Amino acid sequence: NEIDAITKNPATPTFENTIAAMERSGEMLSRATSVFYNLNSAETSPAMQALAQEISPLLSQYSSDMLFNKALFDRIDYVYQNQDKENLTAEQKKVLRDTWKGYAEGGAKLSAEDQEKLREVSMRLSQLSLQFQANVLKETNAFRLNITDETQLAGLPKSAMDAAREEAEAAGEEGWTFTLKAPSYSAVMKYAQNRDIRKK
């Protein structure tokens with residue numbers, strides 16, 4: 001609706017009624033997706049991952065719809081080609097240049113046929129990227145290194161050893177268990193003197 005309001009504005013395109021209006025549009029969507037994908041990266045669940053699989057194609061479609069919106073690009077292009085007629089600041093010129101370049105290089109100038117091909121590739125890429133992230137997260141969470149010989153852990157501080165002992169006990173294991181979660185992983189990489197343990 002916000003983009004439609006820009007493209008249907010009967011006034012001559014200007015930085016304010018086109019570029020600045022675009023910058024202000026989609027704020028709620030940006031805020032919501034930032035929070036969602038941050039949580040999905042840091043504290044995901046099967047339900048969130050399923051939701052991400054549903055949301056990502058919609059966002060990809062939305063992005064393509066914006067990029068291939070001829071009426072919108074025509075306004076952006078008009079402002080870009082006539083920027084000398086406005087008294088723009090250096091910051092405004094940079095925003096204008098970056099916006100125009102993003103659209104021009106992103107496919108706004110492609111034929112309808114090529115835009116459709118790019119749309120399909122973008123959609124597939126968003127799905128594959130999400131699946132890749134889910135696979136990495138699954139493998140990261142599945143990794144466990146259990147060590148029962150304390151001599152192999154020379155160099156590790158007591159706090160890291162205590163945490164590894166708790167991790168092992170919680171899983172019913174002997175010794176010390178390390179994971180790829182940041183506190184566990186980083187302590188091993190930073191302090192463990194045993195090169196083989198760091199390599200594993």
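Visitor: Is Tyr80 buried, partly exposed or exposed?
Guide: Tyr80 is partly exposed, because its relative accessibility is 22% (buried is under 20% relative accessible area, exposed over 50%, partly exposed in between, with a 1.4 Å probe and protein chains only). Bear in mind that this is a predicted model, where local features need pLDDT of at least 70 and side-chain atom pairs need 80 or more, while totals for chains, interfaces and linings use all residues. Residues are numbered from 1 along each chain as its sequence is written, and side-chain values use heavy atoms, without hydrogens or water.

Visitor: And which class does Trp100 fall into?
Guide: Trp100 has a relative accessible area of 16%, so Trp100 is buried.

Visitor: How many aromatic pairs are there?
Guide: Rings of Phe, Tyr and Trp (its six-membered ring) pair when their centres lie within 6.5 Å; planes under 30 degrees apart are stacked, over 60 edge-to-face, and the rest tilted. By that rule there are 2 aromatic pairs. Phe36 and Tyr37 make an edge-to-face pair, with 5.1 Å between centres and 85° between the planes. Phe36 is buried at 14% relative accessibility, whereas Tyr37, at 22%, is partly exposed. Tyr80 and Trp100 have ring centres 4.3 Å apart and planes at 10°, so that pair is stacked. Tyr80 sits in helix H5 (residues 70-81) and Trp100 in helix H6 (residues 90-108), so the pair ties together parts 20 residues apart in sequence. Helices here are DSSP runs of H or I with at least four residues, strands are runs of E with at least two, and both are numbered from the N terminus.

Visitor: How many salt bridges does the structure hold?
Guide: A salt bridge puts a side-chain nitrogen of Lys or Arg within 4 Å of a carboxyl oxygen of Asp or Glu. The structure holds 11. One of them joins Asp65 and Arg119, at 2.7 Å from N to O. Asp65 belongs to helix H4 (residues 46-67) and Arg119 to helix H7, so this pair links distant parts of the chain, 54 residues apart.

Visitor: Which other residue meets Arg119 in a salt bridge?
Guide: Glu116 does, at 3.7 Å from N to O. Arg119 and Glu116 are about one helical turn apart, because they lie 3 residues apart in helix H7. Shared partners join Asp65, Glu116 and Arg119 into one network. Asp65 is partly exposed at 38%, and Glu116 is partly exposed at 39%. Helix H7 also carries Lys117 and Asp114, 3 residues apart; their salt bridge has its closest N and O atoms 3.9 Å apart.

Visitor: What is Gln115 in contact with?
Guide: Contact means heavy atoms within 4.5 Å. Leaving aside neighbours within four places in sequence, Gln115 touches Phe68, Gly107, Ala108 and Leu110. A polar atom of the Gln115 side chain lies 3.4 Å from the backbone oxygen of Leu110. Gln115 is in helix H7 (residues 112-142) and is buried, at 12% relative accessible area.

Key. Polar contact = N/O pair within 3.5 Å; in protein donor to acceptor, adjacent residues only side chain to side chain.
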